[in-house]
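Subject: Structure handover

Hello,

The structure is placed below for your use. My notes on it follow.

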Amino acid sequence: MTGKAKPKKHTAKELAAKLDAATTNRGGGKAGVADRTGAVKGGHAKMECPLCKVTAPDVKSMKIHHEAKHPKIPFDENKISNLHASTPAAAPSTSVADPNKPKPGIRGSLKK
């Protein structure tokens, strides 16, 4: 007898979450370098700081970085380079995503 309402077995939800966490690309390690650098369209890094070349996913994060790391230089949104805009556009025949290509490892919040 276990007591204190502790389940004896793992739940199906818990097992599915463990399987998902173990098998889904989260964008880390060697496999996620392209996502983090913004080399692949749809990756994590979209904006690049013109001063130190640090990447960030959006303008708001880049502004936070700029205020923390470059406080003496005024923030100018126009100087930030968009790495996704500089990626060459895909041909019209290849507009459908390649199923063999890994998707960027983006995981939302665990809080619902």
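Over how many bridges do S1 and S2 pair, and in which sense? S1 and S2 pair over 2 bridges in the antiparallel sense; strands are DSSP runs (E, at least two residues), helices likewise (H or I, at least four), numbered from the N terminus, and two strands pair if DSSP finds at least two bridges between them.

This is a predicted model, in which local features need pLDDT of at least 70 and side-chain atom pairs count only at pLDDT 80 or more, while totals for chains, interfaces and linings use all residues. Residues are numbered from 1 along each chain as its sequence is written, and side-chain values use heavy atoms, with hydrogens and water left out.

Sheet

The sheet is open, with 3 strands in the order S2-S1-S3 and antiparallel pairing. Strand S2 (55–56) and strand S3 (81–82) each have a single partner strand, so one side of each has no neighbour in the sheet. Met-47 has Ala-56 in S2 as its bridge partner.

Buried means under 20% relative accessible area, exposed over 50%, and partly exposed in between (1.4 Å probe, protein chains only).

Glu-48 lies in strand S1 (residues 47–48). Glu-48 is buried but has no salt bridge, and the nearest side chain of opposite charge is Lys-53, 4.5 Å away. For charge, Lys and Arg count as positive and Asp and Glu as negative; His and the chain ends are not counted.

Salt bridge

The structure holds 1 salt bridge (a side-chain nitrogen of Lys or Arg within 4 Å of a carboxyl oxygen of Asp or Glu). Lys-18 forms a salt bridge with Glu-14, with the closest N and O atoms 3.7 Å apart. The two residues, Lys-18 and Glu-14, are 4 residues apart in helix H1 (residues 12–23), so about one helical turn separates them. Lys-18 is partly exposed at 47% relative accessibility, and Glu-14 is partly exposed at 32%.

Cysteines

With a disulfide taken as a pair of cysteine sulfur atoms within 2.5 Å, the count comes to 0. Cys-49 is in no disulfide, the nearest cysteine sulfur being that of Cys-52 at 3.7 Å, which is too far for a bond. Cys-49 is buried, with a relative accessible area of 1%, whereas Cys-52 is partly exposed at 33%.

Regards
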